[in-house]
Amino acid sequence: MSLFNKWFNKDKDKLNQEELTQEELMQEESNVEQEEQEESEEVKELLELEFEEQEQVEEQEETEEVEEVVEEEKALSSEKNGFFSKLVKGLTKTRNNIMDGIDNVLKSFTKIDEELYEELEEALIMADIGVDATLKIMDGLREKVKEKKITDPAELKKLLVEEITEILNKGNRELNISEGPAVILVIGVNGVGKTTTIGKLAHVIKKDNKKVLLAAADTFRAAAIEQLEIWGNRTGVDVIRHQENADPGAVIFDAIQAAKARKTDVLICDTAGRLHNKKNLMEELRKIFKIISREYPEARKEVLLVLDATTGQNALQQVKLFKEVTDISGIILTKLDGTAKGGIIIAINSEMDIPIKYIGVGEGIEDLRPFNPKEFAEALFADEE
Amino acid sequence: MAFESLSDKLQEVFKKLKGKGRLTEKDVNEALREVKLALLEADVNFKVVKSFINKIKERAVGHDVLESLTPGQQVIKIVNEELTELMGSTQSKLTFSTTPPTIYMMVGLQGSGKTTTSGKLAAQIKKMGKKPLLVACDVYRPAAIKQLQVVGSRVDVPVFSMGDANNPVDIAKAAVVHAKNNKHDVVIIDTAGRLHIDEELMNELYEIKEIVKPQEILLVVDAMTGQDAVNVAASFNEKLGIDGVVLTKLDGDTRGGAALSVRAVTQKPIKYVGLGEKLEDLQPFYPDRMASRILGMGDVLSLIEKAQESFDEKKAQELEKKIRKMEFDFEDFLEQMQQIKKMGPINQLLGMIPGMNMQKLGDVEVNEKELAHVEAIIQSMTIEERRNPDIINASRKRRIAAGSGRDLQEVNRLIKQFEQMKKMMKQLTGMAKGKKGKFKLPFM
């Protein structure tokens, strides 16, 4: 056996993307420079044209182009009976069909057979539930069908909803902030909607006649502090802030002192989005969590992980790694107002007992709802136009 | 990571097929099941996976198996080739308009990374010697304009904004006039994140497109996106006719199957990938590397190819025998080293190995120069010394050091490491009978 074959035995993904790129980037740049030189001569002539004239010309061109494009498209579609066009067609149909939910699938079957199970399996995977969790659910379903001697496909949906509801019915979904001071630490990867969620959360808690304070500990992303301040204004809640690039731990520390001094009921801490595989940033989060435990021992603690419903299997990894540095007490699933089903939380809950506490269904201040497992399970298979 | 690598699983499947010269349909089906699972685990859309698998099956059944490869690797090879083809076999670059300003429109869902990407793009275009202008058309999200302004000031690119009280369509229109008046040759329009099913906001994008006639509309997609990626990409493409895709947050540990889904439904190229929050972390997209990443197997293919080109199978077998018999000496070591060197720079090779990544490599830091030194030292030994290292005494060591131009310590270290390696091999060959033991070369 040669050496390289031995190397193959090492597994796992991740590739080295850094190599070459530098070189090729430079190559690309020099190419572009050449192009640019060629361009610049044409450019000089064209610059003399006046803006309006140009626009008119462009408009004319555009209409011509549109016609051409339409023709091209026709040609293309007849030409390509291959893999791609089939795929595209298949997918557009998918959007209309599968999103219609499982109801249609169920209606088209008169008896429960392998094919039906496969269709259900497909629908579950399309909802981002993942292969493992899907197989687990399907096994449970088959067992129940046998046990209860069910033969009507329509009954299957009810069973499936039950099965999934059961998986999602984990722990205490209420926020643990009812008595005494409380701290809510909001964490997650970039762009999942942490700051927006905090705005809505502040609103919900304030409506409950509690005194809320926000800590702007995302000192990294450009204008994140301003974004939180705007939410502070909207909800009428004070924000403790430092300068951009300040130490987030220091912001949290100050916010805790302020919360104590002002006798705040609930302190909500925003943090910078961080990818869970970034060691340093995760250590920073561990430190933030430590500061909260040390400086505010009397406060009840909630650590809420925000997940984007559009995220696929990687969300599992997110939960696992964030859990290593903080005690996650709940999950908030955002962006459920799109077409993504957010089925990944089923995979998460079939492995870990972390309750889903809220869902985000829009950008408005009222768009945060308590999570209801049964409704969620039903929505997975709901009809949508 | 939670998943076993695909190549491992396939090797398992094909273990019992060793010696077969041809793959039957059943063999292929079993292997393709693993491929299918790998793709689904990587978040490639179910429908895309299904069509893809069918395509592979056609190619793989009855395919001759290369002698030097195991059938498992052969299937991986076919899968990877098809994947790469599906991803677009060539790199696709940003195009520039012949009549400046060249206008780019950044569109996408909320939180996909449009603003950060806009900043990175502006920085790169500026480096090309152009004069870009960033345009803040996100009037909805709180502090979005401020965010672009901060990003703009970091890369020293001006930002055109009219506050959040204006219509984005008007802002875009005014920005283009502003660009022309101020001789900006590139305009990058940062639009608000929106859901693909939000008709009102999608119409707004369409209006902007109609008015500014962008050279390219770039859809920014989060690499972690799941099954829904097809819906998002198809909707944006149907409504606007996108020209390219930017895949962001690829510095995470997602396998990024969304890339494949998006490509399959839109057939538009992925032009850039975002690999970090720093402004220089925007890089060109390499279809083949993405294919390997989705499969979770590193760039094994290039490695196989390189190995095939340069590795002499017979010599390797001889070496294996020698190792087993504990006859491995400096001669063999030198030969092994030269064979590996033929395959290319070590760093590059290491990067292709699944499970290796740059972070780990950072600690290892293989120095090509060091390799050359090792080679020089060995070459300064007599044949006798190479075959029988035990005879190397102090005076011989001094001669070797002088001959190779290295320190005496270095010569000592190499000999010591070589002895350790031999010892390790002994343990391994004794321990794992029949199993291939892993051993380390002193320079790794």
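How many salt bridges does a search of the whole structure find over all chains? I got 33. My cut-off for a salt bridge was a side-chain nitrogen of Lys or Arg within 4 Å of a carboxyl oxygen of Asp or Glu.

Notes on the source. This is a predicted model, where local features need pLDDT of at least 70, side-chain atom pairs count only at pLDDT 80 or more, and totals for chains, interfaces and linings use all residues. Residues are numbered from 1 along each chain as its sequence is written, chains are lettered from A, and side-chain values use heavy atoms, without hydrogens and water.

Entry one. I looked up B:Arg59 and B:Glu81, whose side chains form a salt bridge at 2.9 Å, N to O. B:Arg59 sits in helix H3 (residues 46-60) and B:Glu81 in helix H4 (residues 71-87) of chain B, so the pair ties parts 22 residues apart in sequence. Helices are DSSP runs of H or I, at least four residues, and strands are runs of E, at least two, numbered from the N terminus. I class accessibility as buried (under 20% relative accessible area), exposed (over 50%) or partly exposed (in between), with a 1.4 Å probe and protein chains only. B:Arg59 is partly exposed at 31%. B:Glu81 is partly exposed at 36%.

Entry two. I found B:Asp156 paired with B:Lys126 in a salt bridge at 3.5 Å, N to O. B:Asp156 lies in the loop between helix H6 (144-155) and strand E3 (159-160) of chain B, and B:Lys126 in helix H5 (residues 114-127), 30 residues apart. B:Asp156 is exposed at 55%, and B:Lys126 is partly exposed at 32%.
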